[in-house]
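Subject: Structure handover

Hello,

Here is the structure I promised to pass on. Please open it next to this email; my notes follow below.

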Amino acid sequence: MRIRLVATTAVAAGALTALTAVPAQAAEYDSALKIRGIQYDAPGRDSNRCSTGNTDEEYLTIKNYSRSTTVNLKGYVVKDAAGNRFTFTASHTLQPGDYVKLRGGNGTDSDAGNVVYRDNCNFMWNNDKDTIYLYKPSGSRADVHSYTKSGSDRDGNGYITYHG
């Protein structure tokens with residue numbers, strides 16, 4: 001009886017350890033908005049020149065997965081592991097099932113074109129690995145994902161899909 005109790009306790013402790021060892025990027029958050037995917041490595045040679053560079057080819061796709069709720073992006077924050085951040089300061093509404101591409105570089109934001117520009121010609125995402133954080137205006141986390149070029153980008157095209 002005592003051996004069975006010790007074995008059961010050890011199995012339960014192992015299961016508890018396994019549950020607490022789940023990485024942050026695997027957690028599911030209660031949020032209509034989620035990171036659909038990221039083009040973390042812009043095609044071609046990286047150039048952050050505002051006039052001729054390709055930072056606009058680096059983008060993060062955020063999608064409204066709600067079936068009934070329209071979400072205003074104003075106040076949402078996107079960050080990376082190094083603390084680079086972008087705050088949606090203008091109203092951009094996403095209808096259920098709609099998405100927006102948050103692009104680097106400069107351009108004209110457009111709800112109709114589903115695009116918002118960071119108005120910053122520096123690359124935000126690392127080409128080898130990074131972590132993407134999406135925060136609600138309240139400061140609570142809406143979604144988070146980590147990637148590595150070798151482990152997450154199976155076809156090597158610089159794009160990773162998280163939520164279909």
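Which residue in strand 9 does V78 stand opposite? V78 faces L134 there. Some ground rules before the rest. This is a predicted model, where local features need pLDDT of at least 70 and side-chain atom pairs count only at pLDDT 80 or more, while totals for chains, interfaces and linings use all residues. Residues are numbered from 1 along each chain as its sequence is written, and side-chain values use heavy atoms, with hydrogens and water left out.

Helices (H or I, at least four residues) and strands (E, at least two) are DSSP runs, numbered from the N terminus. Two strands pair if DSSP finds at least two bridges between them. V78 and L134 belong to a pairing of strand 4 (residues 77-80) with strand 9. That pairing is antiparallel and has four bridges. The open sheet around it has four strands in the order 5-4-9-10, with antiparallel pairing. Strand 5 (85-87) and strand 10 (141-148) are the edge strands, and each pairs on one side only. From one strand to the next, the twist averages 10 degrees. Angles here run from 0 to 180 degrees between N-to-C directions, with axes as lines fitted to C-alpha atoms, for helices over the stretch in contact.

Strand 4 also runs antiparallel to strand 5, joined by three bridges. K79 has R85 in strand 5 as its bridge partner. Strands 4 and 5 form a hairpin with four residues between them. Look at G83 in the turn: its phi is positive, about 95 degrees.

A second open sheet has five strands, ordered 8-7-2-1-11. Its pairing is mixed. Strand 8 and strand 11 are at the edges with a single partner strand each, so one side of each has no neighbour in the sheet. Neighbouring strands here are turned by 25 degrees against each other on average, direction ignored. Strand 7 (residues 99-103) pairs with strand 8 in the parallel sense, over three bridges. L102 has V116 in strand 8 as its bridge partner.

The disulfide

How many disulfides are there? The count is one, taking a disulfide as a pair of cysteine sulfur atoms within 2.5 Å. It joins C50 to C121, with S to S at 2.0 Å. C50 is in the loop between strand 1 and strand 2, and C121 is in the loop between strand 8 and strand 9, so the bond ties together parts that are 71 residues apart in sequence. The torsion about the S-S bond is about 120 degrees, so this disulfide is right-handed.

Are its two ends buried or exposed? Buried means under 20% relative accessible area, exposed over 50%, and partly exposed in between (1.4 Å probe, protein chains only). C50 is exposed at 55%. C121 is buried at 8%.

The salt bridges

Side chains of opposite charge can pair when their charged atoms come close. The rule used is a side-chain nitrogen of Lys or Arg within 4 Å of a carboxyl oxygen of Asp or Glu. That gives two salt bridges.

One is between K149 and D41, at 3.7 Å, N to O. K149 lies in helix 2 (residues 149-152) and D41 in the loop between strand 1 (33-39) and strand 2 (59-64), so this pair connects parts 108 residues apart in sequence. K149 is partly exposed, at 38% relative accessible area. D41 is buried, at 16%.

R118 and E58 form a salt bridge too, at 3.8 Å, N to O. This pair links distant parts of the chain. R118 is in the loop between strand 8 (115-117) and strand 9 (129-135), and E58 is in the loop between strand 1 and strand 2, 60 residues apart. Both R118 and E58 are buried.

The largest pocket

A pocket is an open set of points on a 1 Å grid over the protein atoms alone, where a 1.4 Å probe fits, with protein on both sides within 12 Å along at least five of seven lines; lining residues have an atom within 4 Å of a point. Grid points are joined across faces, edges and corners, and a volume is the space filled by probe spheres set on the points. The largest pocket has a volume of about 160 Å³. Its lining includes G151, S152, D153 and R154. D155, Y159, I160 and T161 line it as well. Helix 2 and strand 11 (159-161) are the elements that give two or more residues to this lining. Strand 11 gives the most, with three residues.

Best wishes
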